Amino acid sequence: MSRTGLWDSHAHMDSDYFAGDRDELLKKLEQDLDGIINPGCDASTSEFAINLAEKYDFIYAAVGWHPEDLKKLPAGYLDRMAGWVRHPKVVAIGEIGLDYYWKENEPKEVQKKVLLEQIDLARQFSLPVIIHDREAYGDILEIFQKEVKNMEAVFHCYSGSLEMAKELVKRGHYFGFGGTSTYKNAAKVRKVLQYVPKERILFETDSPYLAPVPYRGKRNNPGYVELTARNAAEILKIDFEELAAMTTANVKRLFRKIGSKA
Ligand code: NI
């Protein structure tokens with residue numbers, strides 16, 4: 001076990017923000033964390049994630065097309081993804097979802113179509129999905145109520161309502177909590193954290209973005225997942241070590257290929 005016993009279930013180590021010190025950082029993180037899952041957002045970042053997973057034992061990859069990156073979506077992208085998901089260290093499809101925040105993103109109908117196609121691919125390979133939902137709560141919930149059956153998802157950096165969380169809990173899904181759960185103005189996120197059964201909680205950083213307090217606004221890195229987890233342990237009034245062990249078990253249950261490889 002690592003020093004903390006934690007996983008960072010969502011970090012973009014492919015980001016250029018790590019260009020100067022990526023290997024140095026990962027060598028240190030290998031002592032601190034049990035594992036990191038690096039989701040892709042397009043072809044180059046998905047392939048980068050796979051390469052990192054091949055280089056480091058404790059890194060696993062997810063592959064997908066992020067809703068902010070659909071302008072360059074090539075024809076035949078699903079065939080290419082089908083090739084990636086056969087890799088033993090590709091443990092999920094993600095990050096995928098809907099993003100209605102940025103006006104320059106593709107229209108809602110295009111985003112929904114690509115999301116459903118990727119969900120279908122995940123179903124074919126019995127993989128979970130990692131969901132990005134920014135200001136698209138109603139449509140995401142509708143898709144998960146109507147179209148998604150017999151599949152598990154993690155709602156990464158969950159920012160939806162408590163009511164929506166209740167619906168997703170009923171359907172067996174997981175929730176990623178990151179730096180935002182430590183922010184002063186995030187009472188809503190903390191309410192969800194207190195509601196969600198502990199066996200559905202994952203911790204994440206979304207590095208290099210959304211660093212937890214006291215590093216808010218600075219470059220995030222997977223090591224800071226410890227700050228989020230310690231903060232959550234305090235909110236939930238539970239032992240940090242116990243929470244770390246539970247959420248690590250959650251990672252291995254949701255991302256089954258990790259368990260089968262170990
Ligand atoms: Ni992300």
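A polar contact is a pair of N or O atoms within 3.5 Å, of which, within protein, one must be able to donate a hydrogen and the other to accept it. The exercises below use this predicted model.

**Exercise 1.** Determine which side chain makes a polar contact with the side chain of D206, and describe the surroundings of D206.

*Solution.* Begin with the location: D206 is found in the loop between β8 (201-203) and α8 (225-236). Next, the side chain of D206 makes a polar contact with the side chain of H12, at 3.1 Å. Setting aside neighbours within four places in sequence, D206 is in contact with H10, H12, E95 and H156. Finally, although D206 is buried, it has no salt bridge, and R134, the nearest side chain of opposite charge, is 8.9 Å away.

**Exercise 2.** Identify the residues that coordinate the nickel ion, and explain why the arrangement is irregular.

*Solution.* The ligands are H10 and H12, each through NE2, together with E95 (OE) and D206 (OD), at 2.1 to 2.3 Å. Along the sequence, these donor residues follow the spacing H-x1-H-x82-E-x110-D. Both H10 and H12 are buried. The arrangement is irregular because the 4 donor atoms subtend angles of 79 to 171° around the nickel ion.

**Exercise 3.** List the buried residues of helix α6 and the elements they pack against.

*Solution.* Within α6 (residues 162-170), M164, A165, E167, L168 and V169 are buried. These buried residues pack against β5 (129-134), α5 (137-146), β6 (153-155), β7 (174-177) and α7 (187-195). At the start of α6, a side-chain oxygen of S161 reaches to within 3.5 Å of the backbone nitrogen of E163, while just after α6, G172 adopts a positive phi of about 85°.

Technical notes: Residues numbered from 1 in each chain as written. Predicted model: local features only at pLDDT ≥ 70, side-chain atom pairs only at ≥ 80, totals over all residues. Heavy atoms only, no water. Donors = N, O, S within 2.8 Å, 3.2 Å for Na, K, Ca; no water. Tetrahedral: all angles 85-135°; square planar, octahedral: opposite > 155°, others 65-115°. Buried < 20%, exposed > 50% of the residue type's maximum accessible area, 1.4 Å probe, protein only. Helix = DSSP H or I, 4+ residues; strand = E, 2+ residues; numbered from the N terminus. Contact = heavy atoms within 4.5 Å. Lys, Arg positive; Asp, Glu negative; His and termini not counted. Salt bridge = Lys/Arg side-chain N within 4 Å of Asp/Glu carboxyl O.
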